[in-house]
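Welcome! Please take a moment to look over the protein below, and then we will walk through it together.

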Amino acid sequence: MDQLLRWLWREEFWIPPGNHWKDMEMKEGEGHFPLPRHLIYTLPLALIFIAIRYIFERVIAIPLSKVLGVKDRIWIRAASIPKLEAFYKQHSQQPSQSEVVGLGKQCGLSQRKIQTWFRHRRNQDRPSSTKKFCEASWRFFFYLTSFTAGLGSLIDTPWFWDQSECWRGYPKQPVSEAHYWYYMLEMSFYLSLLLSISVDVKRKDFKEQVVHHIATIILIGFSYIANYVRVGTLVMLVHDSADIILEVGKMLHYALWAKTCDVLFVLFALVFLVTRLYVFPSSTLIVSMQFYEPFFGYYFFNALLFVLQLLHIYWAYLILRMVYRFAFMGKIEGDVRSDEESPVDDNEEEEEDGGECSWEQRKDAINSRLASLANNCVLNNLTNQTNRNSRLPKTR
């Protein structure tokens with residue numbers, strides 16, 4: 001095992017030709033030299049992040065949701081039927097037609113009642129708007145704090161204004177205390193998201209999110225060990241800039257601030273497309289080739305970046321599709337990127353629009369429909385009376 005690790009960590013694999021690991025050792029006062037054992041600290045930090053999030057959501061996020069007017073939808077609770085409950089938990093939440101027929105025979109219920117029960121039961125498990133607001137507010141708080149601190153630590157560095165400085169003098173580049181903690185906290189945060197992803201809101205791009213978190217953690221860890229810290233700090237800063245707008249847009253979406261969400265969506269689309277599709281690939285792939293010939297570590301690093309770029313292209317497609325809808329329909333359906341949890345069938349949408357709302361909402365809807373029918377009846381009578389009067393002269 002020790003021989004395998006030594007072979008994998010050979011100099012010619014991870015640093016440019018003509019350089020050695022000994023050349024990268026720092027003297028006291030010059031800064032940190034990246035070592036693999038530093039990454040061990042990210043696991044306890046991730047657990048601390050989870051604890052801080054738990055406190056943040058209950059002390060800050062929930063009161064803030066009430067101030068902004070976030071309201072949870074009231075769903076009809078499914079009746080207590082043990083056989084259906086056991087099937088729901090052990091087999092499937094959406095039974096097929098043949099399974100519905102079999103369950104109907106076992107419980108002595110019609111197929112319609114079986115299907116209605118499963119719709120009600122699925123709606124019970126839907127996360128509330130408050131839960132989704134709390135999740136978005138926690139991410140917004142971290143991204144805003146991380147972006148502000150990262151920008152403050154990078155704005156005076158030469159590679160912030162000239163990306164070629166990321167590779168000039170590599171790999172003999174010291175790592176400052178601020179950038180060390182920037183790396184540790186970013187990796188710990190994404191590790192905490194990966195650990196809590198099973199209890200977070202499950203969205204339509206759940207698989208893409210898992211791939212994104214894993215690729216991000218591997219990318220941050222490898223770039224730190226190989227001392228790609230300068231370019232790594234820029235990549236993290238670029239990602240945080242768009243995520244801030246995304247999360248605050250989600251928060252206001254749950255609070256039903258439609259006009260503000262439209263403005264934030266346009267701003268988010270511009271920032272995302274510019275930073276993720278232009279700044280991100282140009283600062284990592286193009287500039288680095290001006291200093292060194294490609295080596296294995298270079299290919300491995302850019303392979304991980306390419307995985308992230310594929311996800312960026314996928315999300316950019318979703319954003320452009322929403323831009324098209326916004327331009328021609330004047331309305332954004334849903335939240336930016338992936339706010340909906342899972343696709344809903346037509347029957348379930350009918351249930352959500354009618355049968356699942358509270359009695360007050362149903363009463364208002366009925367009253368509005370009755371008023372509309374009454375107005376139509378009056379208009380029809382007036383129209384018919386006018387037509388009869390206009391035909392009288394011709395008859396005479």
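Which residue lies over the face of Phe-206? That residue is Lys-202, at 5.0 Å from the ring centre. A charge sits over a ring if NZ of Lys or CZ of Arg is within 6 Å of the ring centre and within 35 degrees of the ring normal.

## Before we start

This is a predicted model, in which local features need pLDDT of at least 70 and side-chain atom pairs count only at pLDDT 80 or more, while totals for chains, interfaces and linings use all residues. Residues are numbered from 1 along each chain as its sequence is written, and side-chain values use heavy atoms, with hydrogens and water left out.

## The chain as a whole

The chain has 15 helices and zero strands. Both are DSSP runs numbered from the N terminus: helices are H or I with at least four residues, and strands are E with at least two. Of the 396 residues, 42% are buried. Buried means under 20% relative accessible area, exposed means over 50%, and partly exposed is in between (1.4 Å probe, protein chains only).

Take the contacts between residues at least 6 apart in sequence: 81% of them join residues at least 24 apart. Here a contact means heavy atoms within 4.5 Å.

## Aromatic rings

A pair of aromatic rings is described by the distance of the centres and the angle of the planes. Rings of Phe, Tyr and Trp (its six-membered ring) pair if their centres lie within 6.5 Å; planes under 30 degrees apart count as stacked, over 60 as edge-to-face and the rest as tilted. The structure holds 21 aromatic pairs. In one of them, Tyr-180 and Tyr-224 have ring centres 6.2 Å apart and planes at 55°, so this pair is tilted. Because Tyr-180 lies in helix 9 (residues 177-195) and Tyr-224 in helix 10 (residues 206-225), the pair ties together parts that are 44 residues apart in sequence.

Phe-222 and Tyr-228 make an edge-to-face pair, because their ring centres are 5.8 Å apart and their planes stand at 65°. Both Phe-222 and Tyr-228 are buried. There is also an aromatic cluster, with Phe-49, Trp-138 and Tyr-190 among its members.

Start with His-312, which lies in helix 13 (residues 296-329). His-312 counts as buried because its relative accessibility is 0%. Leaving aside neighbours within four places in sequence, His-312 is in contact with His-239, Phe-272, Arg-276, Leu-277 and Phe-280. The C-alpha atoms of His-312 and Leu-277 are 7.3 Å apart, although 35 residues separate the two along the chain.

Now look for Lys-71, in the loop between helix 3 and helix 4 (82-90). With 70% relative accessibility, Lys-71 counts as exposed. Its C-alpha atom is 7.2 Å from that of Thr-130, which is 59 residues away along the chain.

## A nonpolar patch

Leu-43, Leu-47, Ile-50 and Leu-195 make a nonpolar surface patch of about 340 Å². Patches are made of residues with over 30% relative accessible area and no salt bridge; like charges are joined within 9 Å, and nonpolar side chains (Val, Leu, Ile, Met, Phe, Trp, Tyr) within 5 Å. A salt bridge is a side-chain nitrogen of Lys or Arg within 4 Å of a carboxyl oxygen of Asp or Glu.

Helix 3 (residues 42-68) gives the largest share of this patch, three residues. Leu-43 lies in helix 3 and, at 47% relative accessibility, counts as partly exposed.

Terms used. Accessible areas come from the Shrake-Rupley method with a 1.4 Å probe; for residues, only the protein chains shown count as cover.
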